[in-house]
Amino acid sequence: MSRIFGNLLKTFLLFIGILFLSSPIFAVAINVTSCSILGDTNGEYNLTGDITDMSSEICLKVTATGITINCRGYKISGNGTTGIYSNKYNTIINDCVLEGWNKGIHYEGSNNGEIKNTSISSCGDAGIYFSVSSNNILKNNILNNNYYGMKMGYSSNNKIYNNLFNNSDNINFYGLGSNNFWNTTKQKGTRIYSNGNYMGGNYWATPIKTGYSETCADNNEDGFCDAGYSLDNFFGDNSSNVDYLPLSNKYVPDIVPPELEIISPSDNQIFHKFTLEITINVQDPTLHYTNISIGKNGQVENYTTTQDSGIVTVNLSVSVGGYYNITATAYDLSDNSNSTTVFQILTPIGVTECSNLDLQGGKYYLTKDITNSETASCINIQADNITFDCQEHRIYCSGGTYTSGIYLNGIDNTKIRNCVVNGWDYGLLLESSSKSKIINSTFFNNAIGMFFNIASNNKIYNNMFNNTKNLEFYGTISPNSWNTLKQKGVRINSPGDCIGGNYWANITGQGYSDYCEDSDMDGFCDEEYKITEDKNNEDYFPLSNKYVPDLDAPNTTIIGTDDAGNSYNFGDWINADYVEINLSCSDLRLGCNKTFYCLDLNNTCAPDLIYSESISIGSEGTNYIRYYSVDLAENKEPLNTRTVNLLSSTYKILINYPSSNSYLNNHDFTASLSVLDNKTMDYIIIILSNSTEIIEERTLTKNGTFLTNLSVYEDGIYSISATFYDKNGFKNEYVSENIIMDTIPPIITSFELMAKYDIGSNFIPVCRAEDNLKGFFNGFVSGWDPLTPGEQIATCTATDDAGNYIIESRNYEIIASICEDNQKRCMGKQSQVCFNNAWVTNEVCDYMCNSLTFNCMPKPPDCEGEEKRCQGDDLQICANNSWKTSKICDLGCNSTLLDCNSSKNPVDMSLIIILVVALVFVIGGAAIFMYFKSTREPETDDLTKKFDDIKNKIRELKIQGINTARSEKEISLAKQDANMGLSEMAKTRLEAIEKRLEKANKVVKEKVTQNKSPKPPEPPSK
């Protein structure tokens, strides 16, 4: 019964669909053939031909919101007041041609609309007239040979871009000033005029070829003027109406691809981490962006893009270790590209069980504890230069005979770190292996901690040994290193701040580190630990368990020597070319770590230089050296300061401040001078002057370094001379000349900043300033953040050479991105992709865009067979899969009978009968449907079982990481079919789902087979 009802319901729905589609009452577009009032809210009006009307004052008048006018390229011409008028919101005008009107298009109080793909010419007043109209978009329009191209009053926040203005006066503002946007972000697109691949602002022309776009400079020939175009504003305020990307006519195609190289890493380089630092060098004057990706086996695992040029460094991470290729591809604004690849970059490999490590140069990480009871040797290192990091995980043996936790045979340059190895015959077995490093690891409860069989030159430090027997040597006992230099670090065992050797314990608690002497309690045994009698193996810094924290700071000794080799007494004035400084640190406990110092002339610097060799001070005047030391326990010495007063043998007097060619910004200032010879000095004379007169002269008898106050009465250029006179008639003069007194701050002449920007905008705000001495220069802009949405403030600070400054702030808003990069969508017939957080048209479809794949769909045939239809007053018939007009009906075409009407507006009784029958059928069908829905039997046990089986399969595949979203969606549809009684349709869907799940299950099994571990190697001979 349910199957019968289901088929009946499908037939009924098909009938209703045909009835609705054939009925004229459901048409959505209204044809326009003459000047009219357009008053249907949200209505769409289509022109069917040209309109020429010389009598109407307004041809098309919009009186409702949401009106769309599609002229379809037809012309609207006349000599009245307005071609198209709207005082309503959301008016859209598309693909129109208007000629001869006083105003081509007039928006009066009409907001949030759009005018596009339209040509307006020969208008007596304005091609487009905006009055109190805001937030509209004008794009892809041509305004040609009008009195004004566009007239605007009391209108703001309109976005006007990719239009051609070719009028004697392109823009006219009246009333209060308004802030509008005259360009979009530079982006790929078809220009309204002039050659080029990108659009941005508008093309500004005049009939006599003197427009800004026709005369502007375009030095890089990219199709954009080098400078923005400020529009004439009624109040002279150009900053609120600027086209920052005006189009030019000087575009030359760019056929040269970007220069690109990957500086690092190089082919076959080994990384010891999962995040790779990649450095490229990319050069192109019109660089668009560079894509950098990392992948293997033809699959990209991670990527990033950058718009920066020059030397650029990015970081990319991978999730699984192994060999990877890195590819960089650079694109310029003309779609030229260049690509380069580095190959075989090795990243760390994870280990989860007993394994053979055989990739030469490989970096292996243990990612979990291993418990083994079968394999004779758990970790077999079988290639040179391998790093094995256990990350503090445990390698534990729970059984077996003649076993080793980690095994090396004939292997060199191995690094083993952070391991915990216990329960084995040999925790670590080295045979004929050398130059390995074993650090930060614990070997405990093994029969033998480490076994050496002809193994030499290995370095073993900061490990914990606690085994029945810690070490055993077989054959010739070769030398190995058992400690590093005493240094800051985290110990493997026992308290302390520094590492050095190893901690030697045993299962009885009487290991060397447990009982050794540590008189200074620094955490190290006082004597070395002799591992073998031949002294080839000694731990010189064995760890102890008697550490007491070091709280005493180190001490730094400073010694000065002049250029003659004589000892210098800090603070004294001397005649010398330089003083050489030596620093030495001492510490009673762990020892010194580093000594820091700095040099300056005002005793304010922070010591940030690490002392390594003698320091030479040769600057005349008073020099300061500031220094301190830090020991290995991070105790910091208090800051020390010493003074070096130095003059060469030529000078007896020195002007420290102001120096020659310096700037001052206060008429009252303080000069600093130094006098060296205070034994024979008689007096000194200081003179402040300009080019015409002496401003101030004074005689002093001061010596050493001292300050004196001086004043000038106006800005200008000055000199200061200081002359030394001794009792024997000796005279010595020092002059600071070209001292510029400037107390006038600069002024900000321009601050380029719009009110709104899209997030991620590549616009860079610039402010310009002018100074009475410096001339024009760029100020510093702070607060510009194109990545944070919301209201923000940018500040321009302009500072001249004398330190005078001026500050100006502007408000702006960053509009949040409307999409994420590489996201796709269909927008009408356009396939779009998100680039720089904005939708960009990727392809315009001839037919339509597929909303699932976001690709263009081929256009299906218009019709099939010998179908008929009414199209307006035309009766059409299908011929060769397209509609052809067979009759033009004088009295209209009857869409029910598919023939011309024999009389005007006939009453079609057949249509009335069909509608009545349909209404009865709908009511009856609904009643039957509700009855069957309330009384139908539940699904059969067989169908229910199928649902349960498929759900279990989906659950298993999801656990394996398989994407089952499509199958889950289709099983939901099958459930709806079953509930409506469409059992056969439900079964068909379930069979299709089962086939798809079988294929997915097969893929999972193949992956499991590929990932099975190889057979472990035979155990080594004991």
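The pLDDT is the predictor's confidence in each residue, on a scale from 0 to 100. In this predicted model, the chain averages a pLDDT of 85, and 89% of the residues score at least 70. Confidence falls below 50 over residues 234–238, a stretch that has nine contacts in the model beyond its near neighbours in sequence. Over residues 927–939 the pLDDT likewise stays under 50, and here the model has 11 contacts beyond four places in sequence.

A disulfide is a covalent bond between the sulfur atoms of two cysteines. The structure holds 13 disulfides, among them the pairs in this table.

| Disulfide | S to S distance | S-S torsion |
|---|---|---|
| Cys354 and Cys378 | 2.1 Å | about -95 degrees |
| Cys585 and Cys592 | 2.0 Å | about -80 degrees |
| Cys598 and Cys605 | 2.0 Å | about 80 degrees |

The disulfide of Cys354 and Cys378 is left-handed, because the torsion about its S-S bond is about -95 degrees. This pair links distant parts of the chain, 24 residues apart, with Cys354 in the loop between strand 33 (349–351) and strand 34 (355–357), and Cys378 in strand 37 (residues 377–381). Cys354 has a relative accessible area of 22% and is therefore partly exposed, whereas Cys378, with a value of 1%, is buried.

The disulfide of Cys585 and Cys592 is also left-handed, with a torsion of about -80 degrees; Cys585 is partly exposed at 27% relative accessibility, and Cys592 is partly exposed with a relative accessible area of 27%. The torsion of Cys598 and Cys605 is about 80 degrees, so that disulfide is right-handed, and both Cys598 and Cys605 are buried.

Key. Residues are numbered from 1 along each chain as its sequence is written. This is a predicted model: local features need pLDDT of at least 70, side-chain atom pairs count only at pLDDT 80 or more; totals for chains, interfaces and linings use all residues. Side-chain values use heavy atoms; hydrogens and water are left out. Contact means heavy atoms within 4.5 Å. A disulfide is a pair of cysteine sulfur atoms within 2.5 Å. Helices (H or I, at least four residues) and strands (E, at least two) are DSSP runs, numbered from the N terminus. Buried means under 20% relative accessible area, exposed over 50%, partly exposed in between (1.4 Å probe, protein chains only).
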